[in-house]
Amino acid sequence: MTTQEIILEKMTPKHLDGALELSRQVQWPHRREDWELVQSISQGIVALEEERLVATIIMTPYGDDTATINMVIVDAAMRGRGLGRKMLEEALAEAGERTCYLVATQEGLPLYEKVGFAATGETVQHQGEPLPVEAPGHVTWSESGDHAHLVTLDRAAHGHDRSALMEILRKRAKFAVIRDAGEIQAFAAIRSFGRGLVIGPVVARNDSEARALIDFLLAHHQGRFVRIDTDVSTNLAGWLTGRGLDHAGCGITMRRSGAARKEGKPTYHRSYALVSQALG
C-alpha cells in the first residue's frame, strides 16, 4: 500500500469516532468532546485507507494572519511512507500565508524543520491531583458581562484574534479573574478535558498573578485530576510540581513564518494549555 492509494478528505463530524480511536492508539487522553471542540473551529484533514481512518491533522486559524497545526497523528502501521509529510503539506496549504505554530516531539522535529518550522522554545506538561491550597481572596469568578473584555485581554497576550476559541470557552469553561479598580486585568479558564480538567488559557501581567489565578482554580477543584501546559519561559514548572502537578512530558514549540506582518509585542505574561494538546 502506498500513499497514492490513500484518500485525503476534509475532516467532518462523521470522522470523529475514527479520530478518537486513532488518538487512543497513541495514548492521548482526548474524549470525543475534545475532538469535537477543536474540529468545530478548525479545518481538518483525514487520510482514509478504504474506509479506515489512518491519519489526522488540523489547522486552526486565528484571523487572517496566524494558525496552529494540531492533532497530527499517523497510524503506527502507516508510518515511514511519507504520509505525515503529505498531511502536513496539505494543512500548510490550507493555512495559506498565515504564520503557523505547533508543538513538536523530538521524533517529529526533523519533518517540521524540513518544511520551514524553527524551534522557538519548550513547553512542559503538568498533571495530577493537586495538593490542598487556599483560594486567594483577590481572585473571583467572572461575571456574565465580562466576556468581551476577556477576549480583548486574550488578544493583547497572544497578538492575534482568538475570538472563535474564546466563544467556545465561554460556553464550556469557567473563568477566574483579577480586577484592579473594577477592571479585569488577568484571567484564567478551566474546563473538562481528557481524564479530568485542563487549565488554560492563563493571561496575567506577571508570575504572581498567574499563580494566584491557578491557585484559585485548584482550590475550587480539589480532588479532581488537573492538567496545565506551560512554556518554560513562564517559570511556573517548578511551582506547579510543588502544587502536586507532576511533570508529565515536554514538547518543542515551533514557528513557520507566513506573509510579512507587523508583530505586536505581547503585554501580558502567558501560560496556557496548548492548542495542539488541549485547545486553550
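**Briefing: a two-domain predicted model**

The area buried between domain 1 and domain 2 is about 2200 Å², and carbon and sulfur atoms give 62% of it; buried area is the accessible area (1.4 Å probe) that two parts lose on being put together, summed over both. The model is predicted: local features need pLDDT of at least 70, side-chain atom pairs count only at pLDDT 80 or more, and totals for chains, interfaces and linings use all residues. Residues are numbered from 1 along each chain as its sequence is written, and side-chain values use heavy atoms, with hydrogens and water left out.

**Domains and their interface**

- Domain 1 covers 6-122 and domain 2 covers 126-254 + 262-274, with bounds that come from an automatic or database domain assignment.
- Taken over C-alpha atoms, the centres of the two domains lie 25 Å apart.
- Domain 1 brings 29 residues to the contact and domain 2 brings 22 residues, where contact means heavy atoms within 4.5 Å.
- Leu37, Tyr62 and Glu122 supply 31% of the area that domain 1 buries against domain 2, more than any other three residues.
- Zero salt bridges are found across this interface (a side-chain nitrogen of Lys or Arg within 4 Å of a carboxyl oxygen of Asp or Glu).
- Helix H2 (32-40), strand S5 (99-104), helix H4 (109-114) and strand S6 (118-128) each supply at least two residues of the side of domain 1 that touches domain 2; helices (H or I, at least four residues) and strands (E, at least two) are DSSP runs, numbered from the N terminus.

- In H2, the buried residues are Asp34, Trp35, Leu37, Val38 and Gln39; buried means under 20% relative accessible area, exposed over 50%, and partly exposed in between (1.4 Å probe, protein chains only).
- The cover over the buried residues of H2 includes H1, strand S3 (52-62), strand S4 (66-74), helix H6 (163-172) and strand S9 (183-193).
- Gly18 lies in helix H1 (residues 16-25) and is partly exposed, with a relative accessible area of 27%.
- Gly18 and Arg52 are 34 residues apart in sequence, and their C-alpha atoms are 7.5 Å apart in space.

**Backbone features**

- A cis peptide bond, with omega about 0°, joins Gly200 and Pro201; Pro201 is part of strand S10 (residues 196-204).
- Glu50 is not a glycine, yet has a positive phi of about 60°; Glu50 sits in the loop between strand S2 (43-49) and S3 and is exposed at 70% relative accessibility.
- Asn235 also has a positive phi, near 60°; Asn235 occupies the loop between strand S11 (226-231) and helix H8 (237-242) and is exposed at 52% relative accessibility.
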